[in-house]
Amino acid sequence: MRYALFILTLVLAVALVIAAHRNHPFGSALPPLGKLLDPFGGFWQNAEPAKAPKSQVIDLPGIKEKVEVVFDERLVPHIFAANHYDACYAQGYITAKYRLWQMDFITRAAAGRLSEVVGEKTLERDRLQRRKGMTLAAERTLKAWSDNSEEMPFIEAYTAGVNDYIASLKPADYPLEFKLLDYAPEPWSPFKTALAAKSMAETLCFRNDDLQSTNVLRMLGDSLFNDLFPDYPPGQTPVIPADTPWPFNPVTPHQAAPAPPPYGDLIRFALPNPPPFIGSNNWAVAGKKTTTGHPILCNDPHLGLSLPSIWYEIQMNTSECNVYGVSFPGTPGILIGFNDYIAWGETNVSHDVLDWYTLTWVDEAKTAYLLDGKPRKVEYRIEEIKVKGRQAPLLDTIKFTAWGPVVYPDPASPYHDMAMHWLSVDMPENQDFHEVGVFHRLMCGHNYEDYYQALSGLSAPAQNFVFASSQGDIAMTVNGKFPIKADQQGRFLQPGDQSANGWQGFIPYEQIPRVKNPAQGYVASANQHSVAPSYPYYYNGAFDMYRGRLINRLLSENKKFSPGDMMAMQNNTYSIQAEEGLPALMSALDTGSLTPIQKDMWNDLRGWNFYFDKNKKAPAVFYRWLTRSYKDTFDEWYTSPDSNYLDYPDMWRFVALLKDSPTHILFDQAATGKREQARDIVTQAFKAISAELADVYHDNDFDWRSEKAVRIGHLAGIDAFSQLNVDIGGHSDAINAVKKSFGPSWRMVVSLGPEIKAWGVYPGGQSGNPGSPYYDSMVGQWAQGKYNELLFVKTPDALREHEQFRITFQ
């Protein structure tokens, strides 16, 4: 027996070495193998048995009163504490116990500190994070929190819990990724919590197209640009119903938007943008439209699909409130959830809160710039970046202006000397509470008035907050701090020599878009335009054109909805883009000489019902055909050497051109020497994709699932710790908006009423340890559209039938 175990151990060790060489984090060097393979301190210690661990009693001086944490069969912790301070302490301890490396990685990535543990490969990324002002933004956020006696105790309690867990670890206990990268966890701090908050802001509100739009305006001219990039598309159904009145006197901008820069060379500079339409779905249906007679609230935020998962499921029960939902590792509280009285959820608003400004330097050394006719000296911030393998750190000097940082100065190009003004880097206003206080108040809210007051503390990232209560109210608020802009302001690069070209204040909280108990009996958002053009304030950004329309279409049906209907709706793969796009393609196709495989593709498309189901071929053909037709139409963009610095028309606009303007000049391809129309483009694209698919189309393995190849990747890019080729359908423009590596990161359905019932699931598991059975235990459920009933209880004893083990802090 001992010999067999030795052979098994030897085989596993060799396999690990091979896997490590092929799948090492970020492609960095291997750690010392002796340390990694040490049976007493290496990766062996990270293997977890399927059997539940024994219950523990832990003596810790950081808590005020006894805390019970009961873990159910899915490893969800249910925290029972006498006060919110102790609940946050326990939350920090437990979250670190299961997600410590993830917390470290998130904050290192935000702060530009990956090179400390990875080396040269991430140095430029780290420099960019510092130059965007991420560390300054976190410092300013922490300063605002520190001045607040309501929030800071909770942040400090969470920090103490994390650090007490870290202090309990020996090197053998470190999460596996620390061992693979050969470094140790460092103490947590409130500054790291601020960095975690800023990492979410970077994902959700950093997107900007000012420079790309300026380039396209120069390339096309005003008339064609306005035709391709309208402010508000026909047929849109905004977040706040279009007939909502605005009974207030708006603040009038004191100055018109500055004219776009004069025509000239293209701006060959653009920072990496988050993927388009990172957002979500949420809706709430009033009791008059439900089978229960009470409101139902639904939310599924769409974010990067990763392991460990972005969310951590948790219940927190204190004398103040009893609340269940998901938290973001690194921050205290619950961000999406429900309590005994209300439920809430969020989607991304997607308004533009980042603008670019040209600078007029007054000296050759560029130490001062003109502002309102007077020289203004830049401020310098020196960032120290440690790099693994280097003896000395890199010192990077960043210039800061009244607008913000000069992200990348370049003597060879005047356009690189631009200043970036991003709302998330601004010093937060002095107010009663901020992000942590917002969610604490929601967690303890009882009614609409509590929800209304809670949201007043949030600045960024702006979110569409859906609400429902057991009293029967439903509501939606487009919530955040929104700059007052003149028409078209912030859409293009602006001159930075006049302070009047900046934002003209902020929309008063009382005037931001919101609706309560609309006559239609529901509220819904899916990252579409916030309001119709009748709203008296200008806004711009990146907005979805399809999911919101489908949600509104379904919820407007004359029927009563059950919780099961809501779950099915969250998993709906129908696409209005296909409903409108496929007929436009098919009507333009020349079908006179189709080959046998083209006829098969044509027939499959004709019989398709516009659902992106995983086992169908038609969705894959449509996706390829539409994408190829789009690229062939906008060939001037894709073949340009400056293609990375251009803005691209939305797909809905292309479909409209196919239907309404088939002879438009844009269908002409400059390289052919003849004048093409939509028919030519669509036909050549169909022929091209049929040639690409000739060898695989009739294979049983070819379908939408294989075409899309969804992956849930490990945060460090280790395939061995990832879920590849996930068996799921969906499409970015369907309600079930699953893309290759983005999608619904948490599905939640809450049925309000005298007794709260809720269901949820996310694509991962509660543990961040790849050696745990709870690492990816819910991926299969999530892919199949199944849910877990959420065990929302009032006492520890109510979990007796579901309890695996418990931890008692005293």
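Is K386 buried, partly exposed or exposed? The first close-up gives the answer, and the others visit further spots in the model. This is a predicted model, in which local features need pLDDT of at least 70 and side-chain atom pairs count only at pLDDT 80 or more, while totals for chains, interfaces and linings use all residues. Residues are numbered from 1 along each chain as its sequence is written, and side-chain values use heavy atoms, with hydrogens and water left out.

**View 1. K386 sits in a loop between two strands, β14 (379–385) and β15 (394–400).** Helices (H or I, at least four residues) and strands (E, at least two) are DSSP runs, numbered from the N terminus. K386 counts as partly exposed because its relative accessibility is 48%. Here buried means under 20% relative accessible area, exposed means over 50%, and partly exposed lies in between (1.4 Å probe, protein chains only). Not counting residues up to four places away in sequence, K386 touches S115, E116 and P393; contact means heavy atoms within 4.5 Å. Look for L114 too: K386 and L114 are 272 residues apart in sequence, yet their C-alpha atoms are 8.9 Å apart in space.

**View 2. T135 belongs to helix α6 (residues 134–146).** With 7% relative accessibility, T135 counts as buried. Leaving aside neighbours within four places in sequence, T135 is in contact with A111, R130, F191, R381 and E383.

**View 3. Helix α12 (residues 435–443) packs against helix α13 (residues 448–455).** The angle between them is about 175°, and their axes are 8 Å apart. That makes α12 roughly antiparallel to α13. Axes are lines fitted to C-alpha atoms, for helices over the stretch in contact, and angles run from 0 to 180 degrees between N-to-C directions. Angles under 35 degrees count as roughly parallel, over 145 as roughly antiparallel, 65 to 115 as roughly perpendicular and the rest as oblique. V438, R441 and L442 in α12 meet Y451, A454 and L455 in α13. These contact residues divide into five nonpolar, no polar and one charged. For this sorting, Ala, Val, Leu, Ile, Met, Phe, Trp, Tyr, Cys and Pro count as nonpolar, Asp, Glu, Lys and Arg as charged, and the others, Gly among them, as polar. Eight of the nine residues of α12 are buried, so this helix is largely enclosed by the rest of the structure. Among the buried ones are E435, F439 and M443.

**View 4. The charged end of R441 sits over the ring of F433.** The distance to the ring centre is 3.7 Å. A charge sits over a ring if NZ of Lys or CZ of Arg is within 6 Å of the ring centre and within 35 degrees of the ring normal. The charged end of K516 likewise sits over the ring of Y448, 4.4 Å from its centre.

**View 5. Helix α18 (residues 618–633) and helix α20 (residues 651–660) cross at roughly 80°.** Their axes come within 11 Å. That makes α18 roughly perpendicular to α20. On the α18 side, L626, S629, Y630 and T633 meet M651, F654 and V655 of α20. The contact residues divide into five nonpolar, two polar and no charged.

**View 6. W746 and Y762 form a tilted ring pair.** A search of the whole structure finds 47 aromatic pairs. In the pair of W746 and Y762, the ring centres are 6.3 Å apart and the planes are at 55°. Rings of Phe, Tyr and Trp (its six-membered ring) pair if their centres lie within 6.5 Å; planes under 30 degrees apart count as stacked, over 60 as edge-to-face and the rest as tilted. W746 is buried at 0% relative accessibility, and Y762 is buried at 0% as well. Elsewhere, ring pairs link Y574, W608, F610, Y611, F612, F622, Y623 and W704 into a cluster.

**View 7. A cis peptide bond joins L307 and P308.** Its omega is about -5°, and P308 lies in the loop between β6 (306–307) and β7 (312–317). Another cis peptide bond joins A460 and P461, with omega about 0°.
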